[in-house]
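Let's take a friendly walk through this protein together.

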Amino acid sequence: MASNKTVFFIIGILLVVLGFAMLAPYALQLLYYENSHSFVASSFITIFFGVLLVLGNLEKKYVLNLQQTFLFSTLAWLSVAIFGSIPFILSTSEMSLSDAFFESMSGITTTGATTIANLEITPKSILLWRAILQWLGGIGIVVMAITILPLLKVGGMQVFRMEAPDTTEKILPRTIEVATSIILIYLLLTSLCALFYWLFGMSLFDSLAHSMTTIATGGFSTHNDSIGFFKSANIEIIASIFILLGSIPFISYLKFLNGNKNIFFSDLQIKGLIFLVIISTLIMFIYLLISNYDANVTDKIRISSFNVISILSGTGYVTDDFDLWGKFSLIFFLFLMFVGGCAGSTACGIKIFRLQILLIFFKNQIKRLIYPNSVMVNKYNNQKITETFLNSVIIFIFSFLLIFFVIALLLSLTGLDFVTSISGAASAISNVGPGLGELIGPSGNYSKLPEVSKWILSFAMLLGRLELFAVLVLFFPSFWRN
């Protein structure tokens, strides 16, 4: 029989893993003679509470039912964000509780928004910890998107179920099996990314930190100017390639290894991602041409493609302040923030498959007007689309936009201007990172926002990363009664 003990047992294991991960930044503290032992203290605290949860929730058999799975999804991310903020609080940077939690939540949800005003003087241990949080968040959301969200039927994610007869009773063994394969792929991609960054001019530290945030499509950088700091076309190309590799559904990698060699050319999501990148790059390139942007044609193509890929995937790396490009670029990038990447990847946003499903729905409505007596069988990636499935996708998109407006309204009530409120809400719920405007735009950060704004945005990041309903369902009394 399923019980909440299973939930807290698994969270305990996650905290132990998180605690040991804190020892890597501690090694940097020793290496660079940083006058702080914040990470070893944070590690001890986190492992201590993790072990307490494990020992206090021992069972003969661990099973999760649907209710416990929803509870685990939210509590796991919230717990990691809370304990992940401890090193920021104890560091010499003297971050407030609000800033520390915001930074940790931004990291674990792979958002990339930061409250650190000057990265150049920030201790390397803190910079590495930010990268590790995003790397862990990236692998975490991939495993969750493939094993848990499809079973919860969140916003149409059931279309990505790997086994049709699966039930929540099989979550744990299935998660371990799938997670092992995904972690190996994830490690390989991260290692290759770091290697190429290093070969093309990054320092060893920068290459390791950026490789973790690139594959996770998180966007945390070690420099104020982000990728633009390196002023290297080669590094931008490498970043673009590995961001796209991180934005591809990881289930496709598994299918490829299991013998489906055409998966990267037949999957509708991947084709939709590539099509959207090409069209968006072309639109931005034409805009830069007619707006007399000061660069040659080759640079305009590179700048357009890099920023489109970065914003669309939710990575949030920047090479230039696109706030200065004109009003069109602001509106266009705001649109791309909402779109996001592929489901089952480290990317964020509404997801391409939902927009493809919405397009199918529109086409069906038009066809029904023309042929009212026709019988239509709709498919997506060779899977039949039911009315229930269509409804869940449409409800998700409507809810996503509604919650975005609510968050923007709440931010405006805290005293933020229109552009900051709108773009901040979009950036948080879509897990992108940089917003628009002077305050939180590409050349700014979130440090000057009111404390209450940071808490609102932190909650929005969690909502966006866990596909809204996995969090919102916990606020309904009927959920706990059942």
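Which residues does T111 touch, not counting residues up to four places away in sequence? Keep in mind as you look that this is a predicted model. The partners of T111 are S106, Q134, G218, G314, T315, S427, N431, V432, G433 and M461. T111 itself sits in a loop, the one that runs between α6 (97-108) and α7 (124-147). Its relative accessibility is 1%, and because buried means under 20%, T111 counts as buried. The side chain of T111 also makes a polar contact of 2.8 Å with the side chain of T109.

Now follow the chain on to α7 and find its neighbour α4 (residues 66-84). Two packed helices are described by the angle between their axes and the distance between those axes. For α4 and α7, the angle is about 175° and the axes lie 12 Å apart. Angles over 145 degrees count as roughly antiparallel, so that is how α4 and α7 run relative to each other. On the α4 side, the contact is made by S73, W77 and G84; α7 contributes W129, L133, G137, G140, I141 and M144. Sorted by type, the residues of this contact are five nonpolar, four polar and no charged.

How confident is the predictor? The mean pLDDT of the chain is 87, with 94% of residues at 70 or more. Over residues 163-169, however, pLDDT stays under 50, and the model has eleven contacts beyond four places in sequence for that stretch.

Conventions: Residues numbered from 1 in each chain as written. Predicted model: local features only at pLDDT ≥ 70, side-chain atom pairs only at ≥ 80, totals over all residues. Heavy atoms only, no water. Helix = DSSP H or I, 4+ residues; strand = E, 2+ residues; numbered from the N terminus. Buried < 20%, exposed > 50% of the residue type's maximum accessible area, 1.4 Å probe, protein only. Contact = heavy atoms within 4.5 Å. Polar contact = N/O pair within 3.5 Å; in protein donor to acceptor, adjacent residues only side chain to side chain. Axes fitted to C-alpha atoms, helices over the stretch in contact; angles between N-to-C directions. Parallel < 35°, antiparallel > 145°, perpendicular 65-115°, else oblique. Nonpolar A, V, L, I, M, F, W, Y, C, P; charged D, E, K, R; others polar. pLDDT = per-residue confidence, 0-100.
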